[in-house]
Amino acid sequence: MNRLCEESGTYLLIDIPNLYINAKNHRFCPYEWIKQIDPQFVKQFHIIGVKNSHHNGKEVFFDTHSEDMAKTPELTKLIQYAYEILRPELVILERDDHFTDLNSLIHDMSSLNLKPECEILMSNI
């Protein structure tokens, strides 16, 4: 990923919940993946809560763009870790469904305890 960014002159928007989902569903360590990314190439994070269900007797995780992050403490911990290591300029919290009010978005962001060194964009699409 680093080489691709370096040679193309591009930057990354990392979807942390999808990293979490893929790590759970495909059994790899998301923390090790994050350690391999050079922070100079990371500009943005996309964050949202996740859901899980059972399919063919297996627990499966997926992104609905509608869940509170606080419902998944493991995800919150991963977001906090990634933020400390990669230091994005912008964090985008998106919620497409089950949007109750602005306070629920503020609660999601404040539960992360991110230092306000980056801009935070909250989106209700």
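How many aromatic pairs does the structure hold? One. For a pair, the rings of Phe, Tyr and Trp (its six-membered ring) must have their centres within 6.5 Å; planes under 30 degrees apart count as stacked, over 60 as edge-to-face and the rest as tilted. Tyrosine 31 belongs to helix H3 and tyrosine 81 to helix H4, so the pair ties together parts that are 50 residues apart in sequence.

Some ground rules before I go on. This is a predicted model, in which local features need pLDDT of at least 70 and side-chain atom pairs count only at pLDDT 80 or more, while totals for chains, interfaces and linings use all residues. Residues are numbered from 1 along each chain as its sequence is written, and side-chain values use heavy atoms, with hydrogens and water left out. Helices (H or I, at least four residues) and strands (E, at least two) are DSSP runs, numbered from the N terminus. Buried means under 20% relative accessible area, exposed over 50%, and partly exposed in between, with a 1.4 Å probe and protein chains only.

On that scale, tyrosine 31 is partly exposed at 24%, and tyrosine 81 is partly exposed at 22%.

There is also a charge over a ring, which requires NZ of Lys or CZ of Arg within 6 Å of the ring centre and within 35 degrees of the ring normal. The charged end of lysine 43 sits over the ring of tyrosine 11, 4.4 Å from its centre.

Next, the strands. Two strands pair if DSSP finds at least two bridges between them. S1 and S2 are parallel, with four bridges, and aspartate 15 stands opposite histidine 46 in S2. S2 also runs parallel to S5, again over four bridges; there, isoleucine 47 has leucine 93 in S5 as its bridge partner.

Now the core. A nonpolar core is a set of buried Ala, Val, Leu, Ile, Met, Phe, Trp, Tyr and Cys residues joined through side-chain atoms within 4.5 Å. The largest one has 29 residues, and Ile14, Ile16, Phe45 and Ile47 touch the most other members. S1, H2, S2, H4, S5 and helix H5 (102–111) each supply at least two residues. H4 gives the largest share, six residues.

For contacts, the cut-off is heavy atoms within 4.5 Å. Not counting residues up to four places away in sequence, isoleucine 16 touches Phe45, His46, Ile47, Leu75, Leu78, Ile79 and Ala82.

Isoleucine 16 is also one of the buried residues of helix H2 (residues 16–26), along with Pro17, Leu19, Tyr20, Ile21 and Ala23. The cover over the buried residues of H2 includes strands S1, S2, S3 and S4 and helices H3 and H4. Threonine 72, in the loop between S4 and H4, is buried at 11%. Leaving aside neighbours within four places in sequence, threonine 72 is in contact with Tyr20 and Val50.

Last, the backbone. Arginine 27, which follows H2, has a positive phi, near 55°. Asparagine 56 has a positive phi near 55° without being a glycine; this asparagine 56 is in the loop between S3 and S4 and is exposed at 69%. Arginine 87, not a glycine either, has a positive phi of about 50°. The loop between H4 and strand S5 (90–94) holds arginine 87, which is partly exposed at 33%.
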